[in-house]
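Hi,

Here's the structure I promised to send over. Have a look at it first, then read on.

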Amino acid sequence: MTQTNDLNQSLEWFSQLQKIMRPVTTIKTEAITISLEQFNLLHAITDQKEEFTPTKFAGQIGVSKSMISGQISRLLRAGLIESIASQVDRRQHNLKLTPDGVKVYTQVRGQVVERLNGLHDDIAQLM
């Protein structure tokens with residue numbers, strides 16, 4: 001009986017967490033809607049100290065390269081990033097924000113900070 005109660009409590013907590021997370025995972029501007037994962041990628045490219053590679057980024061955030069590849073493809077199609085062949089190894093491609101990418105990143109950065117701070121507070125209340 002207690003195992004069922006524990007499961008019910010865990011599922012209720014998870015439902016509450018999903019309700020809190022839902023508004024944070026999508027960021028909209030007048031021109032485009034991007035996911036929090038895509039924003040994270042734009043931020044990592046902006047914040048890079050050296051050449052940015054998808055494999056290195058996937059390792060940093062602990063996801064598969066194929067998951068990052070899908071996000072990169074969407075950002076490339078949206079014209080927010082560009083892929084440039086490495087001068088050291090032409091098989092490798094480095095990513096860079098386009099002028100539109102810089103504009104979108106700048107527009108949504110404040111929204112993301114505000115939403116993540118609110119998310120932190122909401123999760124703290126759940127705990």
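Below is what I found in it.

A word on the ground rules: this is a predicted model, where local features need pLDDT of at least 70 and side-chain atom pairs count only at pLDDT 80 or more, while totals for chains, interfaces and linings use all residues. Residues are numbered from 1 along each chain as its sequence is written, and side-chain values use heavy atoms, with hydrogens and water left out.

The protein chain has five helices and four strands, in the order α-β-β-α-α-α-β-β-α. (Those are DSSP runs, numbered from the N terminus: H or I of at least four residues for helices, E of at least two for strands.) The chain is more spread out than a compact globule, because its radius of gyration is 18 Å, well over the 14 Å that the globule rule gives for 127 residues. That radius is taken over C-alpha atoms, and the rule is 2.2 Å times the number of residues to the power 0.38. The C-alpha trace spans about 65 × 30 × 25 Å along its principal axes.

Now the inside. In the largest nonpolar core there are 23 residues, and Ile 34, Leu 42 and Ile 81 touch the most other members. (Such a core is a set of buried Ala, Val, Leu, Ile, Met, Phe, Trp, Tyr and Cys residues joined through side-chain atoms within 4.5 Å; buried means under 20% relative accessible area with a 1.4 Å probe, protein chains only.) The largest share of this core, six residues, comes from α2.

Cheers

Key
Buried means under 20% relative accessible area, exposed over 50%, partly exposed in between (1.4 Å probe, protein chains only).
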